[in-house]
Amino acid sequence: MARSNRVQVMTADEAAKLIKSGTVVAFCGAGGGIVEPTEVINALARRYKETAQPKNLTILATTGLGDRAERGISPLAQPGMCKRAILGHWGQSPRIAEMAERNEIEAYNYPQGVMSQMYRAVASGQPGVLTHVGLGTFMDPRQKGAKVNECTKEDLVRLMEIDGKEYLFYKAIPPDVCIIRGTTADAEGYISLEDEITPLDVYAMAAAAHNNGGIVIAQVSRLVKKGSLHPKRIAIPGYLIDALVVVPDQPQVYYSPVNRFISGDFIADTETQEAISLTERKLIARRALMEAEPGDVGNLGVGIADGIGNVAAEEGVIDQITLTTEHGAIGGITVQGHAFGACMNMKAVIDMPSQFEFYDGGGLDVCFVSFAELDQCGNVNVHKFNGKIMGSGGFINITQNSKKIVFCGTLKSGGFKTQVGNGKIEILSEGRFLKLVPAVSEITFNGRDAVKRGQKVVFITERAVFEMTEQGFELTEIAPGMDVEKDIIAHMGFRPLFAKNLKEMDARLFREERMGLDGDWTKQHGHLG
């Protein structure tokens, strides 16, 4: 799209008219409205509803946009508007996922890290991403080849062998249009991200679309005079931008103005924060944190695991480990809820493709992730269960490459209620659904492959701890007062092995007061910090 040095400024509705039928459209953003170009997405959905144009789109998104309801890319879930979706995560925009579940669109789920690095590949003229990530999982063409429904037929993932070693090749999908977001743009289109929580992959995405001869639309909060932004604050150069949409009241996340703590401008005083209440989620987070050691670099996943930073702060050890998220945050405490990826008190924030380079290369000492269902082989499924497509996000990149994997979740789900305190846990209402099943329906994490790679694999629930060993799936700890047969085995779909030194879970996990983990670490590892 030819333009002068001064970039075109237009409304969201005008920008939506630039998108033609049959094109590939890439969207930046993450859950809860993080770096999401909401106004342009909604204008595009509105245009289709009014004119039935553009139709037959292929949509790309690296992470899960939305609020697990009607926002994100859910507004694009209109019959005939999209023919194919290639997403890193699906569950944040369930209306699109429902179309895939009904086989109304072709549906793929690339690993989030592969998606973010795919834009770099496209920008540099490469045909795709060659990686070990996804071997032995549903990404592998010997299983599903990243397809998540029955109507999806084209093979986009190939198994390759180089020097006797297996790899997966993910075909690159060059975008014709990308829709990104920033904070401030100058009149020539140079964009800074000072109010954004993370840069995600906005630069890589813009470069990919531009170098593919496509259009780059950027939603920003304000427009300033050309050349007036500090050059080191520029995240996206103006020559990549074709259209600017200025939204003065652009929220930082859904329903929220700019919060200077999560944009990294202010440091929160965590010593004055109240401790989070003691529930089964907190006790699982506590036990998970015990798997870390001073100096570890770890990853926090969404779900129960996202409370581990809060527990580390309560226990006075938050400065002794470096917790990261795949969105780019390094250090700090994660914000819980739909806006996962937002953090306070970060030490640094980098772009998402760079974060995944560190992850994929084995940089993580430990990761803390959730599970939906797992089986006696140590396989975990988080991406598709009970007929629902959720997607894998960065789960595969992270779990396949971390030295230690700590899975966090309740033993059962569905109406599950507990009371925790006084050194024990009481099950008030047992869950209706088994999560530990004989065999998972699809594989997002391959337990046996992990053991072969030498990874330590731990599964933590509110009433028991398990490990995946060379011998098999092993019960290693039980909660105080729990009967191993009646309270644990009876609520599993298989019988685990029993550790020779089967232990009771630490009673401090089940008490309101601090556990004193800082003292434990000092005794075990010497003076901290």
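At the start of helix α6, a side-chain oxygen of Thr279 comes to within 3.2 Å of the backbone nitrogen of Arg281. That value, like the others in this report, is computed from a predicted model.

**Helix α6**

Helix α6 is mostly covered, with nine of its ten residues buried. The buried residues are Glu280, Lys282, Leu283, Ile284, Ala285, Arg286, Arg287, Ala288 and Leu289. Charged side chains are thus part of the list: Glu280, Lys282, Arg286 and Arg287 are among the buried residues. Helix α6, residues 280-289, also gives two or more residues to the lining of the largest pocket.

**The largest pocket**

The largest pocket holds about 1200 Å³ of space. Its lining comprises 46 residues. Closest to the pocket centre are Arg68, Val302, Gly303, Ser370 and Met390. Besides α6, the elements that contribute two or more residues are β22 (366-370), α9 (395-401), β28 (412-413) and β31 (433-434). Ser370, one of the residues closest to the centre, falls within the 366-370 range of β22. By class, the lining has 21 polar, 17 nonpolar and eight charged residues.

**Aromatic pairs**

The model has eleven aromatic pairs. Two of them are set out here.

| Pair | Geometry | Centre to centre | Angle between planes |
|---|---|---|---|
| Phe356 and Tyr359 | edge-to-face | 5.6 Å | 80° |
| Phe459 and Phe473 | tilted | 5.2 Å | 40° |

Phe356 and Tyr359 belong to helix α8, residues 352-360. They are separated by about one helical turn because they stand three residues apart in that helix. An α-helix has 3.6 residues a turn, so residues three or four places apart point the same way. Both Phe356 and Tyr359 are buried.

The other pair joins two strands. Phe459 lies in β33 (residues 456-460), and Phe473 lies in β35 (residues 473-478). The two residues are 14 apart, and their pair links distant parts of the chain.

**Charges over rings**

Two charged side chains sit over aromatic faces. The charged end of Arg71 is placed over the ring of Tyr254, 4.1 Å from the ring centre. Lys435 lies over the face of Phe371, at 4.6 Å from the centre of that ring.

What does the side chain of His383 contact? It makes a polar contact with the side chain of Glu442, at 2.6 Å. His383 sits in the loop between β24 (380-381) and β25 (384-385). Its relative accessible area is 0%, so His383 is buried.

Ile191 lies in strand β11, residues 191-192. This residue is also buried, with a relative accessible area of 0%. Ile191 and Pro237 are 46 residues apart in sequence. In space, their C-alpha atoms are 6.6 Å apart.

**Backbone features in loops**

The peptide bond from Gln53 to Pro54 is cis, with omega near -10°. Pro54 is in the loop between α2 (38-51) and β3 (57-61).

Which non-glycine residues have a positive phi? Val35 is one of them, with phi of about 50°. It lies in the loop between β2 (24-27) and α2. Asn422 is another, with phi of about 55°. Its place is the loop between β29 (417-421) and β30 (424-429).

Val35 has a relative accessible area of 1%, so it is buried. Asn422 has 78%, which puts it above the 50% cut-off, so it is exposed.

Definitions and conventions
Residues are numbered from 1 along each chain as its sequence is written. This is a predicted model: local features need pLDDT of at least 70, side-chain atom pairs count only at pLDDT 80 or more; totals for chains, interfaces and linings use all residues. Side-chain values use heavy atoms; hydrogens and water are left out. On a 1 Å grid over the protein atoms alone, a cavity is a set of points where a 1.4 Å probe fits but cannot get out, and a pocket is an open set with protein on both sides within 12 Å along at least five of seven lines; lining residues have an atom within 4 Å of a point. Grid points are joined across faces, edges and corners, and a volume is the space filled by probe spheres set on the points. Helices (H or I, at least four residues) and strands (E, at least two) are DSSP runs, numbered from the N terminus. Rings of Phe, Tyr and Trp (its six-membered ring) pair if their centres lie within 6.5 Å; planes under 30 degrees apart count as stacked, over 60 as edge-to-face and the rest as tilted. Buried means under 20% relative accessible area, exposed over 50%, partly exposed in between (1.4 Å probe, protein chains only). A charge sits over a ring if NZ of Lys or CZ of Arg is within 6 Å of the ring centre and within 35 degrees of the ring normal. A polar contact is a pair of N or O atoms within 3.5 Å; within protein, one must be able to donate a hydrogen and the other to accept it, and residues adjacent in sequence count only if both atoms are side-chain atoms.
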